[in-house]
Amino acid sequence: MAKNSALSSGLKYCLLAPGLLLIGLAIVMPITVGFFAAFRSNGVWTLQNFQTVLTQAPYATVLVNTLMISVVVAAVSIGMAFPVCMFFARAGRIATGFFVASMTIVLAISMLVRTYAWQVILAYNGPLNEIAIAMGLYDQKQMMLFTRGAVVVAMIQFMTPYAALILFSAMRRVDHDIVLASRTLGASWWQGFRSAYWPQVSGSVVLATVLVFSMATGFFVAPALLGGPGEAMVGTQIHADLVFNYKNGAGLATAQGVVLAFILAIVTVAGFWLGGSSFLRSASR
Amino acid sequence: MSRSHILVRIAAVAFVCAYFVFLLAPIVVMVPASFTAHDILSFPPDQLSMRWYSEVLNSREWLDSAAMSLEIAIVSMVIATVTGVLVGFVVYHYGPLGSGLRLLLLSPMLVPHIVVATGLFQVLVPMRLLGDPWVLAIAQAAMALPVTVILSIAAFDAIERSLWTAASTLGARWHQITIKVMLPIAATSIVASLILSFENSWHEVTLAVFVGPAVQATLPSKMFSFLLQESTPALAAVSTLLLVITLVCAAILGLLSIRRRRNEAQPTSEEP
């Protein structure tokens, strides 16, 4: 790329300044301040917050809940999206366009709207109960709302289009000739999949998993609206800490944030390690 | 085709249909339920009426909330798009960004909203700026920045460098070239940036609930509090209205992306 010599390089930083300022003010500063706030409790520098968050109830339970729910949500979201993406990856232009458009439109719908829609469906007098009873699955109406299942299902429904789009774009780039070659060399469908198809998509599967997991850990709308008290996740806990706990809430909330960020960093590194170079390639696209 | 092949095919189609039903079912259920005449949600609604729509559209609270959301979303949209376009200019004139810079600009994508919200809360409380709408707009603009930057870079990268030289040889000053040549070529990306950053702010929940205005809350924030406290079908009406707005924006974006794909095939065939 030829540099335009008519413009000075000082101008470059002037043009970049708004962007950098925005990021600095809205991302870098809050995160830094939050990081340091996690180490303060009652006005002194201490690790007390971390000890509370990692060992005491309800924080420890909440953290474990969050991780468990996020893992399940990530696994199922991607597990569901994978076959669907495989189906569409080789489809014609119209089907492909329809798939991408529908995923994008579903993603564009506000999360609150979707969460509320689940409240409608899972309600005691709602359609799902009626269908289940009509089909003979249950004898009487079940309390489906305010359960862990409701939270997990709603979160899966929210995340799976993200996973689908990531997986789909990777699957479009798959070189099917390699798979075909493996078949002509005598590989069964499963062997061909494992050795020729999977390595080409594994990077984006790992990327999608990391992404969905990260988003899931930060959720607070679905657990707050669809879950019972046993479904509290880190997001709802942080909210409660910041709003109701005037003395120590800030420290505890930011400590949870730091722990969360730390876990996510580990997961991302694990992603690099598992996915190898194809993960890097997907991530930088 | 062997028999097992056909069975697999049928199973695949069935799974795909189930997937779509799963994704769309909540919305399909919610829209008719919003037309219920009763006081509580019921599906299928046996008595239809527009009563909840009239209640919502005549309610001072909901309209003020929508207005607040709109104002914040517009400010956020302008900040995010202008900043993104400026980055596009940099890429056009100075070549691709270094990886460190790119990582920094795309960092909002990597950070969970809740971590940002928590830190922002910390920063704003001593500054007594908690709940300030401008702050929320700026924060949401930052979260939308990766999108506008990516769109912007893609658009400006596709413009030929020699176009600038040609225009200045013909006597145009830099501001004329920028306004009359470069912006029109990148127009579809700019409009897409505007729409996406608007949508990002309009739907944004986490920052709005944590650091956004509380008394005069944004629409998502208000919906959240409303859902926590009570749950009349009014919310279904609000949701359906939001859904319609979203679909309209998505349709516009879709048409734009078709147009952009056509343009990218011939980047400089546009007459300024």
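Which residues of H11(A) are buried?

**Figure 1. Burial within helix H11 of chain A in the predicted model.** Helix H11 spans residues 234–244 of chain A and is mostly covered, with 8 of its 11 residues buried. The buried residues of H11(A) are Val234(A), Gly235(A), Thr236(A), Gln237(A), Ile238(A), His239(A), Asp241(A) and Leu242(A).

**Figure 2. Elements and extent of chain A.** Chain A comprises 12 helices and 2 strands. From the N terminus on, the order of its elements is α-β-β-α-α-α-α-α-α-α-α-α-α-α. The C-alpha trace of chain A spans about 75 × 70 × 35 Å along its principal axes. Of the 285 residues in chain A, 45% count as buried. Among contacts in chain A with a separation of 6 or more, 73% are accounted for by residues 24 or more positions apart.

**Figure 3. The largest nonpolar core.** This core has 160 residues. Those with the most contacts inside the core are Val120(A), Met155(A), Leu167(A), Val212(A) and Val211(B). Helix H6 of chain B (residues 133–157) gives the most to the core, with 17 residues.

**Figure 4. Surroundings of Leu167(A).** Leu167(A) belongs to the group of residues with the most contacts inside the largest nonpolar core. When neighbours within four places in sequence are left aside, Leu167(A) is in contact with Ala81(A), Phe82(A), Cys85(A), Val201(A), Ser204(A), Val205(A) and Ala208(A).

**Figure 5. Contact between chain B and chain A.** In this view, 67 residues of chain B are in contact with 66 residues of chain A. Helix H1 of chain B (residues 3–33) gives the most to the side of chain B that touches chain A, with 12 residues. The residues on that side of chain B divide into 50 nonpolar, 15 polar and 2 charged.

**Figure 6. Packing of H6(B) with H9(B).** Helix H9 of chain B covers residues 187–203, and H6(B) packs with H9(B) at an angle of about 160°, their axes lying 9 Å apart. Because this angle is over 145 degrees, H6(B) is roughly antiparallel to H9(B). The crossing in which H6(B) passes H9(B) is right-handed. On the H6(B) side, the contact is made by Gln140(B), Ala141(B), Met143(B), Ala144(B), Val147(B), Thr148(B), Leu151(B), Ser152(B), Ala154(B) and Ala155(B). The H9(B) side contributes Ser189(B), Ala192(B), Ser193(B), Leu196(B), Ser197(B), Asn200(B) and Ser201(B). The residues of this contact divide into 9 nonpolar, 8 polar and no charged.

Note on methods:
Residues numbered from 1 in each chain as written. Chains lettered and ligands numbered in written order. Predicted model: local features only at pLDDT ≥ 70, side-chain atom pairs only at ≥ 80, totals over all residues. Core = buried A, V, L, I, M, F, W, Y, C linked by C-beta atoms within 7 Å. Buried ≥ 20, exposed ≤ 12 C-beta atoms within 10 Å, placed from the backbone. Helix = DSSP H or I, 4+ residues; strand = E, 2+ residues; numbered from the N terminus. Contact = placed C-beta atoms within 7 Å. Nonpolar A, V, L, I, M, F, W, Y, C, P; charged D, E, K, R; others polar. Axes fitted to C-alpha atoms, helices over the stretch in contact; angles between N-to-C directions. Parallel < 35°, antiparallel > 145°, perpendicular 65-115°, else oblique. Left-handed = near helix turned anticlockwise from the far one by under 90°.
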